[in-house]
Amino acid sequence: MRSQHLKATLLITAAAFAVGAQAQQDSTTAGIEAYREALQDGNPADLYVDSGAEIWKKKAGPKDASLEKCDLGLGPGKVKGAYAQLPRYFKDTNKVQDLESRLLTCMEKLQGVDTAPIIKAGFNSPQKADLVALSAYVSSESKGMKVKVSLAHPKEKQMYDLGRRLFYYEAGQYDFACATCHGQEGKRIRLQDLPYIPSAEGAAKGWTTWPAYRVSSGQMWSMQWRINDCFRQQRFPEPIYASDVTIAISSFMAGNSNGAVMQTPGIKR
Amino acid sequence: MTFNKKTTVALSLVAAMTAAGTALAAPPALPKDGSWGPGAGNATFDAMMQSGFQTRGIANVERLKQDPTQELCSNPVTAYSEKNAKLREQLQAANEATIKYPADGKLMGDWKNGEKIAQSGKGLTWSDKAGEANGGNCYNCHQITKKELSYGTIGPSLYNYGKLRGNSEEIVKYTWGKIYNAKATNLCSLMPRAGAMGVLTEAQIRDLVALLLDPESPVNQ
Amino acid sequence: MNTNTKRFDRRQILKAAGGLGIMAFGASMSPMAFAAWNKAAFEAKSLSDVYGALGAGSPSNSGDVQIIASDIAENGAVVPIQAVSKLANTEQISILVEKNPSALVCLFNLTADVLPEVTTRIKMGQTSNVTVLVKAGGKYYTATKEIKVTLGGCGG
Amino acid sequence: MANPMKIRAANKDGVTEIKVLMNHEMETGQRKDSSGAVIPAWYINEVKVELAGKTVMTAEWGPSVSKNPYMAFKVKGGKAGDKVVCSWTDNKGDKRTDEATVS
């Protein structure tokens with residue numbers, strides 16, 4: 001099916017060329033679409049899904065326990081569909097948590113792991129590698145399911161509202177906010193389409209395709225990593241891993257995406 | 001703009017093929033009074049920002065402090081509201097006052113260098129080092145030369161910029177000012193204030209002006 | 001895989017690579033009994049040097065060889081390529097990138113049971129012609145397509 | 001030690017489609033690290049695929065195959081339950097063999 005589709009997309013490319021000079025822009029766009037389509041087959045993120053599933057089951061930490069009893073919101077050990085409903089409010093921590101902050105909670109509680117060094121470590125470090133693989137695995141277990149993020153609890157609505165305010169927050173020498181690039185419909189940076197995140201469709205384009213394997217760096221990126229690099233390019237200081245800043249912006253994107261189908265883990269340029 | 005529309009049509013065609021797109025529910029609307037919702041007032045928001053960011057490399061937490069222009073433009077509801085008309089006028093004048101012209105009066109440099117600056121997206125992130133030349137980031141948002149296919153569309157196309165406008169003294173000065181501080185002419189412009197914020201040097205701006213206005217530049221060919 | 005073909009290949013390599021042939025033999029001692037890695041072909045810079053090292057001579061262009069790939073790659077680090085041969089008795093499919101530091105990217109030896117098409121992903125340093133070289137019935141054929149490599153993303 | 005491959009193999013109408021994803025850096029030897037030193041070339045150079053005990057394909061690769069290599073091809077014959085075995089060696093002599101069952 002994939003290759004059928006690819007061929008169809010390539011036909012579009014050819015057709016765009018046939019139209020002639022008018023369409024340099026269109027042919028570039030179609031060519032890029034064909035490229036992205038071809039990438040979908042054989043996503044190296046699958047390698048991380050497998051290793052994440054192993055890490056999930058592996059005993060570790062001072063308590064020599066696995067994460068198999070971790071409650072991601074649907075009850076202890078329930079992974080299927082959990083990612084499509086995150087971030088969410090958790091009673092035990094009295095906090096709204098995204099996947100990665102919740103995994104840290106589970107590592108602390110179930111395995112007795114001190115997570116402070118993990119929070120501090122860079123995304124390329126071995127300490128973060130487990131979380132990246134786990135996010136590939138957990139997100140894969142929501143593939144094909146609809147985003148269902150609750151904004152019913154006051155803390156969930158608050159996190160969403162804080163995220164929206166952050167989205168428009170302009171600062172630094174470049175006067176950049178998330179909204180600078182993601183606040184209009186139909187724009188792109190270089191050749192990358194920029195989803196309009198305040199809309200449901202735009203938010204879903206981003207939210208339902210991360211975590212993702214990035215071919216440009218040959219790396220698997222978790223959502224936290226994605227957000228971290230957005231703020232880097234915004235010329236902001238660094239968002240602290242799993243801090244409320246990161247969860248707020250995730251709540252904004254996820255809350256806007258409700259009803260869209262998860263395609264995780266994705267593959268990106 | 002026609003070509004944006006065309007792009008959108010092409011994309012939505014492909015999107016329609018990719019997924020049976022069902023309409024999604026509209027996200028919650030922003031409060032009309034310009035507030036952010038009961039839980040996202042100033043105190044809570046500031047506390048989140050302070051605890052959520054850390055200095056890394058040259059990107060220090062001081063950067064989170066907003067100047068009045070940034071503060072006004074950070075609220076899509078009130079940025080253009082009636083009651084802020086006066087404030088907008090004041091801020092625009094303040095931005096205009098930042099524009100400095102070179103002492104030697106030379107506003108046009110080398111377009112070839114300008115092209116390199118326009119291509120570069122480097123500068124001022126926490127992975128950049130202090131003292132390194134910053135890039136102009138121009139292609140991120142603008143079409144400039146015909147040859148570079150990888151250009152953004154957040155800003156208008158600058159292809160034939162000089163050919164369409166000529167390079168009278170007035171146009172050269174206007175162009176310099178636009179690069180130096182885009183907020184002097186359009187307060188909540190999405191374009192960085194490259195000169196006023198110290199992103200680009202005078203010499204770099206000179207080269208960018210040449211890229212746009214030099215008749216020899218590929219922009220005008 | 002047809003052992004006669006293999007032996008023929010190796011002799012060709014020896015001829016092309018001269019003294020370097022010994023190194024090609026070194027690789028063939030691998031206990032997994034792979035085909036000998038053709039060092040001379042992978043180190044050759046130009047298309048014609050690769051053809052020489054493979055014993056392909058000057059292959060002719062053929063409409064029965066196809067390259068299915070997008071015209072533009074958003075990133076040169078990963079360029080998906082499908083190489084297809086419609087030629088009878090296709091025994092080998094190679095992918096070459098003219099402007100890469102070494103042109104030969106990969107070479108697939110297909111047994112008679114394999115359908116003559118392979119999909120893989122290659123690196124391209126810059127916009128370049130990509131050539132698929134097919135060996136069928138002992139003869140070599142090519143198809144060539146330009147793929148543009150663009151600079152994506154907003155970073156420096 | 002090298003990380004496992006992901007092999008998928010499915011038979012449809014008498015043709016077995018084999019898709020393999022490998023875990024490998026595929027370092028070109030052209031890149032430099034942050035201190036300016038050249039990162040040595042490190043890449044898979046030989047690949048072999050067996051279906052039901054018979055070698056169906058061998059490949060020779062250079063460093064221009066993408067990181068975390070992917071290849072897909074089709075073989076006439078094979079049936080559900082057959083074993084697919086894929087092996088690679090890299091230029092440092094590291095090896096990896098994994099298998100999967102045709103579905």
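**Charged pairs, an interface and aromatic rings**

Glu238(A) counts as buried, at 10% relative accessibility. The model in which this residue is described is a predicted one. Over all chains, the structure holds 30 salt bridges, and the count of aromatic pairs comes to 20.

- Glu238(A) forms a salt bridge with Arg56(B), and the closest N and O atoms are 2.8 Å apart.
- The pair joins two chains, because Arg56(B) lies in the loop between β1 (53–54) and α3 (68–73) of chain B and Glu238(A) in strand β7 (residues 238–239) of chain A.
- Arg56(B) is partly exposed, with a relative accessible area of 38%.

- Asp161(A) and Arg164(A) form a salt bridge whose closest N and O atoms are 3.5 Å apart.
- These two residues are about one helical turn apart, because they are three residues apart in helix α7 (residues 154–167) of chain A.
- Asp161(A) is buried, with a relative accessible area of 1%, and Arg164(A) is buried as well, at 4%.
- Another salt bridge pairs Asp229(A) with Arg226(A), the closest N and O atoms being 3.8 Å apart.
- Both residues lie in helix α10 (residues 223–233) of chain A, three residues apart, which is about one turn of the helix.
- Asp229(A) is buried at 9% relative accessibility, and Arg226(A) is buried with a relative accessible area of 13%.
- Glu33(A), Arg36(A), Asp193(A) and Glu74(C) are joined into one network by salt bridges that share partners.

**Interface of chains D and A**

- In this interface, 11 residues of chain D are in contact with 11 residues of chain A.
- The two chains bury about 840 Å² between them, 50% of it on carbon and sulfur atoms.
- Of the area that chain D buries against chain A, Lys6(D), Leu21(D) and Asn68(D) supply 50%, more than any other three residues.
- Two salt bridges are found across this interface; Asp41(A) forms a salt bridge with Lys19(D), with the closest N and O atoms 3.0 Å apart.
- Five residue pairs are in polar contact between chain D and chain A.
- On the side of chain D that touches chain A, the elements giving two or more residues are β1 (6–12) and β2 (15–21) of chain D.
- By class, that side has five nonpolar, two polar and four charged residues.

**Aromatic rings**

- Trp37(C) and Tyr43(D) form a tilted aromatic pair, 6.0 Å centre to centre with 50 degrees between the planes.
- Trp37(C) is buried, with a relative accessible area of 9%, and Tyr43(D) is buried, with a relative accessible area of 9%.
- Ring pairs link Phe123(A), Trp210(A), Trp221(A), Trp225(A) and Tyr241(A) into a cluster.

Terms used: Residues are numbered from 1 along each chain as its sequence is written. Chains are lettered from A and ligands numbered from 1 in the order in which they are written. This is a predicted model: local features need pLDDT of at least 70, side-chain atom pairs count only at pLDDT 80 or more; totals for chains, interfaces and linings use all residues. Side-chain values use heavy atoms; hydrogens and water are left out. Contact means heavy atoms within 4.5 Å. Buried area is the accessible area (1.4 Å probe) that two parts lose on being put together, summed over both. A salt bridge is a side-chain nitrogen of Lys or Arg within 4 Å of a carboxyl oxygen of Asp or Glu. A polar contact is a pair of N or O atoms within 3.5 Å; within protein, one must be able to donate a hydrogen and the other to accept it, and residues adjacent in sequence count only if both atoms are side-chain atoms. Helices (H or I, at least four residues) and strands (E, at least two) are DSSP runs, numbered from the N terminus. Ala, Val, Leu, Ile, Met, Phe, Trp, Tyr, Cys and Pro count as nonpolar, Asp, Glu, Lys and Arg as charged, and the others, Gly among them, as polar. Rings of Phe, Tyr and Trp (its six-membered ring) pair if their centres lie within 6.5 Å; planes under 30 degrees apart count as stacked, over 60 as edge-to-face and the rest as tilted. Buried means under 20% relative accessible area, exposed over 50%, partly exposed in between (1.4 Å probe, protein chains only).
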